[in-house]
Amino acid sequence: MADTTEDKDSGDSPLTHKERCKEECKKALGMCFWNKVVESFKARDKKRNEQDPEDKEAEIQQEKEELEEQLELIRENSKADKENYLEQITIQKEAYEQQLYDQQQSYDGQIQQLQLDLEKRSLAIQNVSDMVQQYEFLVPEYSRLKRDRAEYITPPIYSKPGGYKFVIKVLVVGSRTGLGSHVSIQGLSQLGEYDANLSYPVNNMSVTLQILNQQNKKESYEKQVHFTYTRSNNGETLGSDFQFISHQQLEENAAIYLKNDTLWFRITKIQIETANPGSKK
């Protein structure tokens with residue numbers, strides 16, 4: 001009764017006799033295990049203290065050798081890793097250098113190709129420049145120009161792209177020995193935008209000039225006209241005149257050459273001869 005009362009007064013749930021026994025057994029077993037652990041440590045320490053100094057030295061030497069073996073193994077692994085790393089770096093370097101070399105070769109090839117293309121284009125441009133493009137112009141009111149002794153002056157013409165600048169005068173009534181009987185042609189040089197790169201003086205300018213057959217342009221009247229002049233201070237120099245075609249030939253073939261009282265001219269070729277081709281002025 002007293003035990004039951006104490007359990008009730010303590011406020012805890014009363015333990016049965018069986019449960020109390022279990023708790024006490026656990027405590028006893030725990031103490032027993034702990035005592036065994038303590039005794040094990042004590043026995044180890046005692047053995048160490050009682051160990052022969054030589055055995056201790058041998059044990060220490062063995063531990064030292066084991067440590068040195070481990071250290072040597074670490075060194076060997078480190079050396080192998082270092083060599084492997086250096087090998088990988090060398091391989092990467094060689095691959096990068098090869099890539100740079102290939103890129104350089106590719107760039108050199110592209111540059112050479114571009115230079116070849118540039119040379120071809122320059123040659124093509126030069127060929128185009130050397131070719132005189134056909135230039136046509138109309139001279140209207142033939143009858144009035146002849147009656148009034150007036151002249152027709154073309155817009156500025158260039159001998160080629162970047163070449164000499166000039167105009168052509170068409171004297172319908174003629175001039176000098178051809179006055180009143182022939183259409184005369186004169187050349188007039190002018191200051192041009194490209195004169196600084198051109199050679200002077202000009203000894204001869206040869207212009208192949210046609211009067212077109214306005215019914216059939218394949219059958220036109222053609223002559224070469226030569227102008228000889230030197231450049232004056234103002235850049236305008238009148239070349240010699242040239243009797244081109246007679247009035248009689250034109251007017252007898254008016255249906256062909258004078259359609260609507262208009263002359264139709266075409267320049268098909270221009271050649272320039274200078275005194276010193278290498279000089280520039």
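**Close-up views of a predicted model**

View 1. The structure is a predicted model, in which local features need pLDDT of at least 70 and side-chain atom pairs count only at pLDDT 80 or more, whereas totals for chains, interfaces and linings use all residues. Residues are numbered from 1 along each chain as its sequence is written, and side-chain values use heavy atoms, with hydrogens and water left out. Thr 208 belongs to strand β6, which covers residues 202–211; helices (H or I, at least four residues) and strands (E, at least two) are DSSP runs, numbered from the N terminus. Leaving aside residues up to four places away in sequence, Thr 208 touches Glu 222, Lys 223, Gln 224, Arg 266, Ile 267, Thr 268 and Lys 269, a contact being heavy atoms within 4.5 Å.

**View 2. The aromatic pairs of Phe 137.** Six aromatic pairs are found in a search of the whole structure, and rings of Phe, Tyr and Trp (its six-membered ring) are paired if their centres lie within 6.5 Å, with planes under 30 degrees apart counted as stacked, over 60 as edge-to-face and the rest as tilted. One of these is the tilted pair of Tyr 135 and Phe 137, with 6.3 Å from centre to centre and 40 degrees between the planes. Tyr 135 is partly exposed at a relative accessible area of 24%, while Phe 137 is buried at 4%. Phe 137 also pairs with Phe 265, and because the ring centres are 5.1 Å apart and the planes are at 10 degrees, this pair is stacked. Phe 137 lies in strand β1 and Phe 265 in strand β10 (residues 263–274), so the pair ties together parts that are 128 residues apart in sequence. Phe 265 is buried, with a relative accessible area of 0%. Tyr 135, Phe 137 and Phe 265 belong to one aromatic cluster together with Tyr 152, Tyr 221 and Phe 244.

View 3. Glu 141, although not a glycine, has a positive phi of about 55 degrees, and its place is the loop between β1 (135–139) and α4 (142–147). Glu 141 is partly exposed, with a relative accessible area of 41%. Arg 149, which is not a glycine either, has a positive phi of about 55 degrees and is found in the loop between α4 and β2 (151–153). With a relative accessible area of 59%, Arg 149 is exposed.

**View 4. Gly 178 in the loop between β4 and β5.** The loop that holds Gly 178 runs between β4 (165–171) and β5 (182–190), and Gly 178 counts as buried there, at 0% relative accessibility. When residues up to four places away in sequence are not counted, Gly 178 touches Val 173 and Gln 243. Gly 178 and Asp 241 are 63 residues apart in sequence, and the distance between them in space is 9.7 Å, C-alpha to C-alpha.

**View 5. Leu 86 in helix α3.** Leu 86 lies in helix α3, which covers residues 53–130, and counts as partly exposed at 46% relative accessibility.

How values were computed. Buried means under 20% relative accessible area, exposed over 50%, partly exposed in between (1.4 Å probe, protein chains only).
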